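These are my notebook entries on one structure, kept in the order in which I looked things up.

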Amino acid sequence: MHLKRKVLLLVPWLSALLLLKRYFRNDRAEELPLSEWFDPRKRPDVVTTTSWHAPVIWEGTFRRQVLQRHYRKRNLTLGLAVFATGRLADEYLEPFLLSANEYFMRGHRVVFYVLVDTLDRLPELEWGPLRRLKVFIVSEDGWPSDFHLRRMSSLGRHIVEGIQGEVDFLFGMTVTQIFQNHVGVEALGTRVAQLHGWWYFQNTRSFPYERRPTSAACIPFGQGDFYYDGAFMGGTPLEVLDLIDEYLKGVIHDLNTGLNSTYEKHLNKYFFLRKPTKLLSPEYNWDAEFYPPPQVQYVKVAQRSKRRF
């Protein structure tokens, strides 16, 4: 089935999503003032605060123990969603889950949401304390063939149907990543974006934004703040749902005008209009094919795939 026709099948579901969003809880855990846990002076070699006063999280800039005490009092449940089908699941799912079980939000309740096309692809793992696995089967019937459309459409539907009532914060990652060090509560925030490891070190003028004026993802020349990586994003369930909502509407708009921009360019447009409340440094998704520069002192998550989806 033609991609445009398939995407238009999302319209009734998208309308239901918009109606349901207003009823979601938005009682996110109260956040500490930056002055109590964040010290940008510790890393004068990198950008640590944006022009809109959001923190950029680098190792050394945050007081982990202060944040741990704060969030443990709030009895949080955190979610991590990953979409893995076909050969991606066969090759990458087990190491992703093993590393996430060890390093993601240690000491807090975590629900791992795994979206797969068949239960046969699930590895047998022993989960640590406070860890729980929840599996969703993703059917190909009626869904677009585009990887990111399937991933985000599926995640949005499951947020509506239950995730939003189960967790306080939700992150989405790609299965080709692997945790190498602790990723903890310093990453929690209302709207969390990941700085792209390559483009962080490049001139803003060279960022590969969508430039075609008729595209919903367009960021005009001379505008834009950072280039964000689509491999790691998060926030409250409502904010993640808003991102998915805007992405799907942008795709539908572009297909109606004969365009087909990428997921990452739509994501960059979203964060251009709705500034992230917290940014994760390239330490949280460094390409394993490249030796880290001096600024990246502590790789927490590595991207293992040569192919970026």
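**Entry 1: overall make-up.** How many helices and strands does the secondary structure of the chain come to? I count eight helices and 11 strands, taking helices (H or I, at least four residues) and strands (E, at least two) as DSSP runs numbered from the N terminus. The model is predicted, so I keep in mind that local features need pLDDT of at least 70 and side-chain atom pairs count only at pLDDT 80 or more, while totals for chains, interfaces and linings use all residues. Residues are numbered from 1 along each chain as its sequence is written, and side-chain values use heavy atoms, with hydrogens and water left out.

I then looked up burial, where buried means under 20% relative accessible area, exposed over 50%, and partly exposed in between (1.4 Å probe, protein chains only). Of the 309 residues in the chain, 57% are buried. For contacts (heavy atoms within 4.5 Å), I note that among those between residues at least 6 apart in sequence, 75% join residues at least 24 apart.

Entry 2: Which residues does UniProt list for "binding site"? The unreviewed entry gives H196, E264 and D287, and for "active site" the same record, also marked as an unreviewed entry, lists E264. UniProt positions are given in the numbering used here, with feature names shortened, and the annotations may be inferred rather than shown by experiment.

I found E264 in helix 8 (residues 263-273), where, not counting residues up to four places away in sequence, E264 touches H196, Y227, Y228, D229 and G230.

Grid points are joined across faces, edges and corners, and a volume is the space filled by probe spheres set on the points.

The second largest pocket has a volume of about 220 Å³. It is lined by 12 residues, of which H196, G197, W198, D287 and F290 are the closest to its centre. The lining consists of four nonpolar, five polar and three charged residues, where Ala, Val, Leu, Ile, Met, Phe, Trp, Tyr, Cys and Pro count as nonpolar, Asp, Glu, Lys and Arg as charged, and the others, Gly among them, as polar. From the UniProt "binding site" list, H196 and D287 are included in this lining.

**Entry 3: cavities.** My search of the whole structure turned up two cavities of 30 Å³ or more. The second largest cavity has a volume of about 60 Å³, and its lining divides into eight nonpolar residues, one polar and one charged. Among the lining residues are F83, L115, R151, L155 and M233. Strand 2 (77-83), helix 6 and strand 5 (169-174) are the elements that give two or more residues to this lining.

Entry 4: Helix 6 (residues 147-161) has 15 residues and reaches 21 Å from its first C-alpha to its last, close to the 21 Å expected, the expected span being 1.5 Å times one less than the number of residues. Because 13 of its 15 residues are buried, helix 6 is largely enclosed by the rest of the structure. Just after helix 7, G258 takes a positive phi of about 80 degrees.

Entry 5: Most residues other than glycine have a negative phi. H53, in the loop between helix 3 (34-37) and strand 1 (56-57), has a phi near 70 degrees. M105, in the loop between helix 5 (86-103) and strand 3 (109-116), has a positive phi of about 50 degrees. Is each one buried or exposed? H53 is exposed, with a relative accessible area of 61%, whereas M105 is buried at 0%.

**Entry 6: F226.** I placed F226 in the loop between strand 7 (191-195) and strand 8 (228-235), where it is buried, with a relative accessible area of 15%. Its contacts, not counting residues up to four places away in sequence, include V47, W52, F207, N268 and L279.

Note on methods: On a 1 Å grid over the protein atoms alone, a cavity is a set of points where a 1.4 Å probe fits but cannot get out, and a pocket is an open set with protein on both sides within 12 Å along at least five of seven lines; lining residues have an atom within 4 Å of a point.
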